[in-house]
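Subject: A structure for you to look through

Hi there,

Here is the structure I promised to pass on. Please open it next to this email and follow along as you read.

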Amino acid sequence: MSDLKSLIAPPVRNLAPYVPGKPLSELEREYGITDSIKLASNENPLGPGSAALAAIKRASEELRLYPDGNGFDLRQAIAKHHGCAMECVTLGNGSNDLLVLMAEAFLGPDTEAVFSQYCFAIYPLVVQATGARGIAASAFSPDHEMAFGHDPAAMARCVTDKTRIVFVANPNNPTGSWITEQPLRALLRSLPPTTLALVDEAYFEYVAVPDYPDTSGWLSEFPNLVVTRTFSKAHALAGLRIGYALSHPDVADALNRVRQPFNVNSLGLVAAQASLGDRAHIAHSVESNRSGMLQITQALARLPVRVFPSAGNFLLVDCRKPAAQVYEGLLRLGVIVRPLTGYGLATHQRITIGTAQQNERLIDALGAVLR
Ligand SMILES: *Cc1c(COP(=O)(O)O)cnc(C)c1O
């Protein structure tokens, strides 16, 4: 170890950086191809609505000014949207920022956090960075109807008096699995008052499964509940980095202490507010996702693969061949997906639902690669 490496704070020393989806520009540079498509980061293929774009254009005239560090207008709009007090709303530089702030505010050495096996990869990272102990609860088995999904009872069994946060992604990325109302309620009820439940609803707008709970309405029932949402997925504003948390005002106060004073940028603030009110564009995006998912699942039923049920805008697919091999085969055909070897899923890919045309490209390419 070089001297500088030995200076790294112990919890950070063994952190492996998050591996994001490959950017289109990188693929085209490396493979010398053009006209490629990215179905690797669960982005909305339709892009932002016209209201958000118009708001961005207006706000671009004032970029010399710092953003409103309190995000007053957007927080007020979010509070109205959910029927809660503004004091319950915390804005983040993407909801990823809120996961980091939660870890900074509530975790440290001699505390624990619980998440599920195959959960969103950011949870273990933000926990480890604080020196807290991360505990991975066993997921449902591959033959369960929610294969690889969170098992709320198994998660509850991992909670001790040292547990400060239980991370629940509903639906989960990369598995697409979800938890229905009753099991989630039972998990929250089982938690001691010394444990916060962070329910990450990044794909909320897309979900159309029975008994899916909207936990934003549960705050008064569960004071230790924190709900996160993002504008990166259905709202198609991933590039502007904006998300929010709903919580008890005391939790929001803690997050506000560790938050950078200007953690959310001025274009994100106005675009998010405009998009929150643009129900037609969200409905259009959700419908496009629904039909795209049907298009892909029907076509993949003819291939030697297993497609798992998903409540999000992506599919977990077991291609029954080494993930790197399938991934690279698709790259050569100009299609970027997400291999899941890093999640311990050796033959699985996560594929984002694209436009009808992009989905056709994916279907053809995957057929060619697996032939
Ligand atoms: C994409 C995603 C997020 C957040 O993304 P941001 O762009 O940081 O808002 C959070 N949780 C899950 C489960 C996700 O898939």
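A word to start with: a residue is called buried when its relative accessible area is under 20%, exposed when that area is over 50%, and partly exposed in between (1.4 Å probe, protein chains only). Helices (H or I, at least four residues) and strands (E, at least two) are DSSP runs, numbered from the N terminus. This is a predicted model, in which local features need pLDDT of at least 70 and side-chain atom pairs count only at pLDDT 80 or more, while totals for chains, interfaces and linings use all residues. Residues are numbered from 1 along each chain as its sequence is written, and side-chain values use heavy atoms, with hydrogens and water left out.

Let's begin with helix α11, residues 266-276. It is mostly covered, with eight of its eleven residues buried. These are Ser266, Leu267, Gly268, Leu269, Ala271, Ala272, Ser275 and Leu276. What covers them? The cover includes α4 (50-59), α5 (72-82), β2 (89-92) and α12 (279-300), where contact means heavy atoms within 4.5 Å. Where α11 starts, the backbone nitrogen of Leu267 has a side-chain oxygen of Asn265 within 3.0 Å. That is a polar contact (a pair of N or O atoms within 3.5 Å; within protein, one must be able to donate a hydrogen and the other to accept it, and residues adjacent in sequence count only if both atoms are side-chain atoms).

Next, helix α6, which covers residues 95-106. Its twelve residues reach 17 Å from the first C-alpha to the last, close to the 16 Å expected at 1.5 Å a residue; the expected span is 1.5 Å times one less than the number of residues. Buried residues in α6 include Ser95, Asp97, Leu98 and Met102.

Oxygen atoms of the ligand come up to side-chain N or O atoms: 2.6 Å away for Tyr203, 2.5 Å for Thr230 and 2.5 Å for Ser232. Taken alone, the ligand exposes 390 Å², and the protein buries 93% of that (areas from the Shrake-Rupley method with a 1.4 Å probe; for residues, only the protein chains shown count as cover).

Now for some backbone details. Pro171 lies in the loop between β5 (163-169) and α9 (181-190), and Pro174 is found in the loop between β5 and α9.

Which phi value does Asp110 have? Its phi is near 70°, positive in a residue other than glycine. Asp110 sits between α6 and β3 (112-116), in a loop, and is exposed at 60% relative accessible area. Asp211 is not a glycine either, yet has a positive phi of about 65°; it is exposed at 57%.

Enjoy exploring!
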